[in-house]
Amino acid sequence: DASDIEKGTYPHFMLKEIDEQPFVIRNIIQKYQNDDGTVRLDDDIRQAMKSSDRIYIIAAGTSYHAGLVGKQLIEKIANRPVEVHIASEFLYNMPLLSDNPLFIFISQSGETADLRGVLVEVKEKGYKTLTITNVPGSTLSREADFTLHTYAGPEIAVASTKAYTAQMAVLTLLAVDTANAKGIELDFDPIQELAIVASAMETLCDQKEKLEQIARDFLATTRNCFFIGRAADYFVCLEGALKLKEISYIQAEGFAGGELKHGTIALIEEGTPVVAVTTQEHVNLSIRGNVKEVAARGANPCIISMEGLEHDGDTFVIPPVHEYLTSLVTVIPLQLISYYAALHRDCDVDKPRNLAKSVTVE
Ligand code: AGP
């Protein structure tokens with residue numbers, strides 16, 4: 001029962017939940033692997049994924065950000081087209097659906113009203129539905145045809161952390177299982193790569209002092225902050241910005257690196273912090289070009305790079321993980337930077353103003 005969950009020695013649930021992420025990933029590996037080390041999901045889910053011609057991911061907030069990463073995972077690993085939609089918009093902006101769609105609802109709580117509205121509507125039309133959730137007995141889980149459990153354990157802090165990384169880990173396994181079902185040969189061992197992610201997360205969770213200092217250097221007094229990244233790094237920038245906004249009340253926005261110059265660069269002033277994330281080799285140089293553009297206008301760049309792609313002077317370097325899985329580790333420094341920024345600004349980290357843990361109204 002969630003009310004029995006204690007903070008233990010932690011000052012906040014959020015910090016505890018950030019630290020739990022390596023354990024959560026290892027737990028997911030254990031729950032979803034066969035004795036021979038291969039991935040195993042329900043036959044029904046495998047069949048639904050295999051027989052659908054297009055996947056529609058429906059989610060909100062942080063879970064939507066996990067969905068954006070999930071699209072890439074499923075498309076790259078399982079060669080299946082995926083669309084990701086914000087739940088609250090879907091019914092008003094309904095896309096043209098494929099012949100045989102499968103709807104995937106991603107929700108930590110399994111209670112988000114915006115998602116339920118879509119679920120009810122698509123079920124009425126007779127489409128197949130899968131809920132990926134941290135709460136298997138929840139409304140979205142009960143009402144969908146299938147459920148995948150994210151096994152992150154109860155998440156108490158309003159700002160979602162471990163549920164996000166758990167969702168992406170489960171989406172990876174879903175993509176792998178679908179690839180297996182379709183007879184696609186993988187050129188990497190997903191279980192091993194996720195184990196590497198768990199170790200990298202541990203290394204990052206051990207660097208709190210350094211990340212606290214970064215939060216102090218870049219965010220102690222600022223009024224706004226931009227996060228820029230390209231390719232997969234763009235999605236984690238959206239999540240980094242949301243984390244910072246919701247708990248520290250700093251106006252933060254995540255941008256695709258190349259998009260800032262199409263207007264938002266007008267907001268860059270002397271000292272504006274710009275967090276640039278770079279973990280993808282094919283965009284490493286172009287995002288660094290974007291950093292130069294903002295630095296030339298006075299921005300204070302904080303560069304978070306992945307080992308192997310780092311340049312002299314980068315602010316923080318992340319241990320290397322498989323290129324498909326970088327978001328699972330890059331988000332950890334972003335979560336911790338937000339946490340310390342909120343702490344230094346005297347904000348209520350676990351219960352930010354105006355927010356509820358799950359949004360059960362439309
Ligand atoms: C994340 O930190 C949020 N508080 C919020 O965006 C959340 O992810 C969103 O409301 C979706 O919730 P769910 O995953 O429980 O459906």
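Visitor: Before we look around, what pLDDT do local features need here?
Guide: Residues are numbered from 1 along each chain as its sequence is written. The model is predicted, so totals for chains, interfaces and linings use all residues, side-chain atom pairs count only at pLDDT 80 or more, and local features need pLDDT of at least 70.

Visitor: Which residues touch the most other members of the largest nonpolar core?
Guide: A nonpolar core is a set of buried Ala, Val, Leu, Ile, Met, Phe, Trp, Tyr and Cys residues joined through C-beta atoms within 7 Å. Buried means 20 or more other C-beta atoms within 10 Å of a residue's own, exposed means 12 or fewer, and partly exposed is in between, with C-beta atoms placed from the backbone. The largest core here has 117 residues, and those touching the most other members are Ile58, Phe105 and Val197.

Visitor: And which helix gives that core its largest share?
Guide: Helices are DSSP runs of H or I with at least four residues, strands are runs of E with at least two, and both are numbered from the N terminus. The largest share of the core is 12 residues, and they come from helix α8 (residues 162-181).

Visitor: What does Ile58 touch?
Guide: Contact here means that two C-beta atoms, placed from the backbone, lie within 7 Å. Leaving out residues up to four places away in sequence, Ile58 touches His85, Ala87, Phe90, Phe103, Phe105, Leu115 and Val118.

Visitor: How do α2 and α8 lie, roughly parallel or roughly antiparallel?
Guide: Axes are lines fitted to C-alpha atoms, for helices over the stretch in contact, and angles run from 0 to 180 degrees between N-to-C directions. Under 35 degrees counts as roughly parallel, over 145 as roughly antiparallel, 65 to 115 as roughly perpendicular, and the rest as oblique. The axes of α2 (residues 21-31) and α8 come within 10 Å and cross at roughly 30 degrees. That makes α2 and α8 roughly parallel.

Visitor: How many nonpolar residues does the contact of α2 with α8 have?
Guide: On the α2 side you'll find Gln21, Val24, Ile25 and Ile28, meeting Lys162, Thr165, Ala166, Ala169 and Val170 in α8. Ala, Val, Leu, Ile, Met, Phe, Trp, Tyr, Cys and Pro count as nonpolar, Asp, Glu, Lys and Arg as charged, and the others, Gly among them, as polar. The contact has one charged residue, two polar and, to get to your number, six nonpolar.

Visitor: How are α8 and α13 arranged, roughly parallel or roughly antiparallel?
Guide: Their axes are 9 Å apart and pack at an angle of about 170 degrees. Tyr164, Thr165, Met168 and Ala169 of α8 make the contact with Ser327, Leu328 and Val331 of α13. With that angle, α8 and α13 are therefore roughly antiparallel.

Visitor: Which hand does the crossing of α11 and α13 have, left or right?
Guide: α11 (residues 232-248) and α13 (residues 326-344) pack at about 20 degrees, with axes 9 Å apart. That makes α11 roughly parallel to α13. A crossing is left-handed if the near helix is turned anticlockwise from the far one by less than a right angle, and right-handed if clockwise. For α11 and α13, the crossing is right-handed.

Visitor: Is Val236 buried or exposed?
Guide: Val236 is found in helix α11. Beyond neighbours within four places in sequence, Val236 is in contact with Gly229, Val277, Ser327, Thr330, Val331 and Leu334. Because 27 other C-beta atoms lie within 10 Å, Val236 is buried.

Visitor: How far apart in space are Leu102 and Ile55?
Guide: Leu102 is in strand β3 (residues 101-107), and it counts as buried, with 25 other C-beta atoms within 10 Å. Ile55 is among the residues that Leu102 touches. The two are 47 residues apart in sequence, but C-alpha to C-alpha they are 4.9 Å apart.

Visitor: What is phi of Asn79 near?
Guide: Most residues other than glycine have a negative phi. Asn79, found in the loop between α4 (61-78) and β2 (82-86), counts as exposed because it has 12 C-beta neighbours inside 10 Å. Its phi is positive, though it is a residue other than glycine, and is near 55 degrees.
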